[in-house]
Amino acid sequence: MRIATTRPGSGTIAPRARLRSDAPEQSLDGNWRFRVSPSLRSAPADWRDGDTARWGTVEVPGHWNLQGYGSPAYSNVQMPFPVDPPFPPDANPIGDYRLDFTASAAVLAHGRRLLRFDGIESAAEIWLNDTLVGTTRGSRLTHEFDVSGLLMEGVNRLAVRVAQFSDATYLENQDMWWLPGIFRSVTLLARPDGGIADLFVRADWDHHASEGILDVAAEVDGGGVARLVIEELGVDVPATGSLRLAGVEPWNAEHPRLYDVEIRTGTETVSLQVGFRRVEVRDARLLVNGSPIMLRGVNRHEHRPRHGRVFDATVARDELLLMKRHNINAVRTSHYPPHPDVLDLFDELGFWVIDECDLETHGFEHVGWRGNPSTDPAWRDAFLDRMQRTVHRDKNHPSVIMWSLGNESHVGANLEAMARWAKSVDPSRLIHYEGDRESRYVDVYSRMYASHDEVREIGEEVLRPARFDATPAEAHRLTLPFLQCEFAHAMGTGPGGLEEYWDLFEAYPRHAGGFVWEWIEQGITVDGPDGGSRTLYGGDFGEAVHDGNFVIDGLVDADRNPRPGLLHYAAVIAPVVIDVDPGRTSVRIANRFDFLDLGHIRLQWSRVVDGAVTASGTLTAPPCGPREAVTLELPDAGRSDASAEVADVLTVEAVTTADSPWAGAGHVLASGQHVREGRPPVPPRVAAEATEEGIGAARFDVATGGLVRLGDLEITGPIVGVWRAPTDNDRDQGTDELDLPRYAERWRAAGMDRTVTRLIDVQPGLDEVVVRTRTGTPILDSAIDATVRWSAVGDGAVRLDVELEPNAAWTTEWARLGLDLVLAGEPLGADLAGYGPMHSYPDLRSGARFGWWHLDPSELTVDNVKPQESGSRIGVRDARIVTEGGTLHVSALDHSFALTVSRHSRQTLAAAAHNWELTPEGRTFVSIDLAQSGVGTATCGPGVLPRHRLPARPAAISLILRHERTPD
Ligand code: IPT
């Protein structure tokens, strides 16, 4: 087997469209005989015909290293072996597959038969009945072989040798697990004489004439002309040339109207669904069917936590429905074509798709792009072959609006050749490649992780008068629309700054939106020793080269449960924007659909005062076309008065009136609120003995001046805290602050994680006790002085008036400024009046609504695979924190706070590498934050935007604390 060439695979028939045909097919999926050898040299010579009695078995499709043969490995940009192209290392698992099968009579009835492989990672040699059929390169690409003369009646022997690493690995260095094997289906196809060898149906939409145009090229085996039949339209014509169709509807992602089309010859019928649409660039705008579109996108890898990149139809469908429910309308198939059936789902459910070729040479970045295959003529055919397989397989899908050459392969003539080839074969779609920094052969200007300032500048530059000194390349670029193929890195707590990005995308006509990196966390699930399961990431399998938890960076976890980031993103990209005016006399409804009017939406409103609905109703909206806005009057019953103690909230929601494939009628698309904070009654002080040991229900530790008990509740604190358990983003360096160390390091250097509190004094007065403390950082002299006035206010409650005053020595921004309390017992939940239900931070709050929320213990914080700070709720006015030891009721007298309730201390979280390492601590950790820093998206992209940072500053708050008996 040759695994160090620079060539594409061999022996395949020319790449062609994936077609649904009535010709016989036979799946060869199932259990195959299997053995793995540690290297090519040590692999057995008799693998094709020797005895397999001592071999094991594997499931095809599947990855062998997820089935007990070796283990997976994760690396991102770094190559897992020396950069020595085109050579793989000697230590290179070689999987030998064998299957003895009988071809079905239906397949054998036809003289021509094909053997199709939809995905083998990374290189394979295929033998049928001891004859070499061919080889494959391009793991996520289809390879078909003509086995007409080889397939026999009786038992056939298929032998496939797969190398985990090969020359192809240099072209497939995507940020994901290394998962070898035959991981997509294997199929035998009968090819009838006079059947349809290939088909390219371009369904264009003329938006001036409101007509569809079908451009059909059907290649019939042995010549001849097929017929094209669209029963719904009464069309039955020769399948050749161009056909105009009046009275049809166009396809778009919001209204994915498809028409069933059949192409028939005397011996074969293939069926497909066409959607009429036209993709264009005009005046630096991205247009479909004449209208500008906004890509509300995600990058989608194919991943299942126990099966890797093996396709499951139900999982894939549910996943896309979940995207639709969260307002996502676009997918970049990062960084390879997905399973072919996913394209059907995109067409059917309505997604704008950037279909990306299986290409990434990112490993060469670490050697200064020396020897990058993109520039080397020896690899040219391999590059072209990959593009051809991508385009041909998926060319009939209306959802695909752009072909992407690949990801992170720097620059080079081979990339340009791919672009030119694709454009010549399919001028109906745009070419995307982020790496073409000069936009020489692309149709859109695409970037990844450009900062907010840069996004603004890119929007501005096309609005300025043309520069006479612009180079031709610059002048060309100024004609292109802009998108971010990756932005807002969804790793850990985050991504912060989404709303600021979206405001810019909306503000500039050039901007066509972007794709969050990434949709799914690619954790691998294994059984734990205790019977439970564990999610693992890079390094957990003992890899010598790995990138740790950088593979855990999705809007949904590996089992596709939404992370809070998805809920905030859904709100940011909501297709309806609802703004209630502060006087509550009117509400502005902006329709951000690109094609739909708001006829399918009902607007319902409700007013909630201190947790009780006092009025509600439905608003009648006048017609509102796409990208238009209307202002509606609000009923008097929605107005606020000054009577609320906690809050008076008016909420207006846009809900769907009819079922859709992804959500039942009544699905909330968007909401807007006006929150008027209430004025809680100020409880009068009651007479109570004030001593160094406490006042009222509050009992102090005389050594620290802090609480030991509140009524019957065991509680310690408050202690001033400015640190958080570093998030993934805190542990990385934002592209906007490259001159500074990462937050986590700065905080540690500043001693913020190890502050020490000293009691200055306790001064009992007539009806209050004043406790003064200084919280300082070790090694340094930065400190915060806290003055806490305690008084008794009746009913067993105490009042605290807190003033926090930092000295001038702080040079590092804080994570937060808060009061930390520790309660006895594990947390049992919380009820709060504040923003929720999901967690929120100053720059990650778009999805949060003011409400009276109940949180179960599992909802208090986020079960991040790598533990870190999470779970804050901003704008809290009132909260009950329930633990095994009792209930603490906290309410704000003057202004709201951010509340975090956690089963684990920040030190514990910061020290743990995995969630399954955490064990119960028997306590509940509560933080009442007066101020917080944002979270940013520094793992890739900008850190916390300046306006969301938290430099040292004084703060004050007044609170009522009370112990309540935990209800049974
Ligand atoms: C970018 C990659 O395109 C993507 O595959 C992923 O690795 C992402 O980063 C990080 O998770 S490339 C990066 C160097 C900007």
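Modeller: About 840 Å³ of space lies in the second largest pocket. A pocket, on a 1 Å grid over the protein atoms alone, is an open set of points where a 1.4 Å probe fits, with protein on both sides within 12 Å along at least five of seven lines; a lining residue has an atom within 4 Å of a point. The volume is the space filled by probe spheres set on the points, which are joined across faces, edges and corners. Keep in mind that this is a predicted model: local features need pLDDT of at least 70, side-chain atom pairs count only at pLDDT 80 or more, and totals for chains, interfaces and linings use all residues. Numbering starts from 1 along each chain as its sequence is written, and side-chain values use heavy atoms, with hydrogens and water left out.

Back to that pocket: 47 residues line it, and I719, V720, D820, L821 and V822 lie nearest its centre. Strand β47 (713-721) is the top contributor, giving six residues to the lining.

Now set the largest pocket beside it. Its space comes to about 1,100 Å³, and it has 42 lining residues, with A571, S671, S846, G847 and R849 nearest the centre. Among the elements that give two or more residues to this lining are α8, α9 (564-572), β36 (576-580), β41 (647-656) and β42 (668-677). Strand β42 has the largest share, at eight residues. This lining holds 22 nonpolar, twelve polar and eight charged residues.

Helix α8 is a handy way into the rest of the model. E506 in that helix pairs with R592, in the loop between β37 (586-591) and β38, and the two are 86 residues apart. The pairing is a salt bridge, with the closest N and O atoms 3.7 Å apart; the rule asks for a side-chain nitrogen of Lys or Arg within 4 Å of a carboxyl oxygen of Asp or Glu. R592 counts as buried because its relative accessibility is 19%, where buried means under 20% relative accessible area, exposed over 50% and partly exposed in between (1.4 Å probe, protein chains only).

There are 82 salt bridges by this rule. E172 and R140 make one of them, at 3.6 Å between the closest N and O atoms. E172 sits in the loop between β12 (155-163) and β13 (176-178) and R140 in the loop between β10 (131-137) and β11 (143-146), so the pair ties together parts 32 residues apart in sequence. Both E172 and R140 are buried. Another one is D385 with R389, at 3.0 Å; these two are four residues apart in helix α4 (380-394), about one turn, and both are buried as well.

The peptide bond joining G494 and P495 is cis, with omega about -5°. P495 also touches H489, which is in strand β32 (482-489). Contact here means heavy atoms within 4.5 Å, and H489's other partners beyond four places in sequence include Y449, W517, F550 and C940. H489 is classed as buried because its relative accessible area is 1%. The H489 side chain makes polar contacts with the side chains of T939 at 2.8 Å and D553 at 3.3 Å. A polar contact is a pair of N or O atoms within 3.5 Å, one able to donate a hydrogen and the other to accept it; neighbours in sequence count only if both atoms are side-chain atoms.

D283 isn't a glycine, yet has a positive phi of about 50°; it sits in the loop between β23 (279-282) and β24 (285-288) and is exposed at 70%. D610 likewise has a positive phi, near 50°, in the loop between β38 (601-609) and β39 (612-619), and is partly exposed at 30%.

How values were computed
Nonpolar A, V, L, I, M, F, W, Y, C, P; charged D, E, K, R; others polar.
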